[in-house]
Amino acid sequence: MALLVLLLLLACLLVADDVLRSAAGKYVLSVDDVIQIRVPGLREYGAHTSSIRIGPSGDVPLPLLGKVHAAGLTVNSMEKQMTAKLSRLMNHPDVTIMVTEFASRPAR
């Protein structure tokens, strides 16, 4: 019985994680949001990369890519845009963007 409860709890957590990831991907980036970008295999976007604030123009300065417009894009759209641009530099980049502050309010 305890094993069944544990399995059900684990299944609920996995579903909740998928729902949260899907919702995060649909978030529309805005000026003053702070993002972190990870791309395995690229030192410039590694685990110790600093956070990047979206500037008043809606742009972010990105290593290897220069200025990229972010405000008004969903997280998923920006990931796809960066994947396309980085594909010129490496095979199959796996871009992950996390919002760490929402318009200057820390993510919880």
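Modeller: The model is predicted.

Biologist: Which pattern does the protein follow when read along the sequence?

Modeller: The secondary structure comes to two helices and six strands. Placed in sequence order, these elements give α-β-β-β-β-α-β-β.

Biologist: In which element of the protein is confidence lowest?

Modeller: The mean pLDDT of the protein is 82, and 75% of its residues reach 70 or more. By element, the highest mean is 96, in α2, and the lowest is 54. Over residues 14-22 the pLDDT is below 50, and this stretch has zero contacts in the model beyond near neighbours in sequence. The element with the lowest mean confidence is α1.

Biologist: Which element gives the most residues to the largest nonpolar core?

Modeller: The largest nonpolar core has 21 residues, and those with the most contacts inside it are I37, L62, M78 and M82. Two or more residues come from each of β1, β3, α2 (75-86) and β5 (96-102). With four residues, the element that gives the most is α2.

Biologist: Which residues does M78 touch, not counting residues up to four places away in sequence?

Modeller: M78 is one of the residues with the most contacts inside the largest nonpolar core. In soluble globular proteins, nonpolar side chains tend to be buried together. Not counting residues up to four places away in sequence, M78 touches L29, I35, V60, L62, V68, A70, L73 and I97.

Biologist: Which residues make up the covered face of β3?

Modeller: β3 has two faces, and D59 and P61 lie on the uncovered one. The covered face is V60 and L62.

Biologist: Which residue in the turn between β3 and β4 has a positive phi?

Modeller: β3 and β4 run antiparallel and are joined by four bridges, with P61 of β3 partnered by K67 in β4. Three residues lie between the two strands of this hairpin. Most residues other than glycine have a negative phi. The residue in the turn with a positive phi, about 75°, is L64.

Biologist: Is L64 buried, partly exposed or exposed?

Modeller: L64 lies in the loop between β3 (59-62) and β4 (66-69). Buried means under 20% relative accessible area and exposed means over 50%. At 45% relative accessibility, L64 falls in between and therefore counts as partly exposed.

Biologist: Is D33 buried or exposed?

Modeller: D33 is found in the loop between α1 and β1. Its contacts, not counting residues up to four places away in sequence, are Y27, V28, I52, R53, I54, E101, F102 and A103. With a relative accessible area of 0%, below the 20% cut-off, D33 is buried.

Biologist: How far is the backbone nitrogen of A103 from a polar atom of the side chain of D33?

Modeller: The side chain of D33 reaches the backbone nitrogen of S30 at 2.9 Å. For the backbone nitrogen of A103, the distance to a polar atom of the D33 side chain is 2.4 Å.

Biologist: What distance separates the C-alpha atoms of G72 and G58?

Modeller: G72 is found in the loop between β4 and α2. At 55% relative accessibility, G72 counts as exposed, and G72 touches V28 and L29, not counting residues up to four places away in sequence. G72 and G58 are 14 residues apart along the chain, and their C-alpha atoms are separated by 7.9 Å.

Conventions
Residues are numbered from 1 along each chain as its sequence is written. This is a predicted model: local features need pLDDT of at least 70, side-chain atom pairs count only at pLDDT 80 or more; totals for chains, interfaces and linings use all residues. Side-chain values use heavy atoms; hydrogens and water are left out. Buried means under 20% relative accessible area, exposed over 50%, partly exposed in between (1.4 Å probe, protein chains only). Two strands pair if DSSP finds at least two bridges between them. A polar contact is a pair of N or O atoms within 3.5 Å; within protein, one must be able to donate a hydrogen and the other to accept it, and residues adjacent in sequence count only if both atoms are side-chain atoms. Contact means heavy atoms within 4.5 Å. A nonpolar core is a set of buried Ala, Val, Leu, Ile, Met, Phe, Trp, Tyr and Cys residues joined through side-chain atoms within 4.5 Å. pLDDT is the predictor's confidence in each residue, from 0 to 100.
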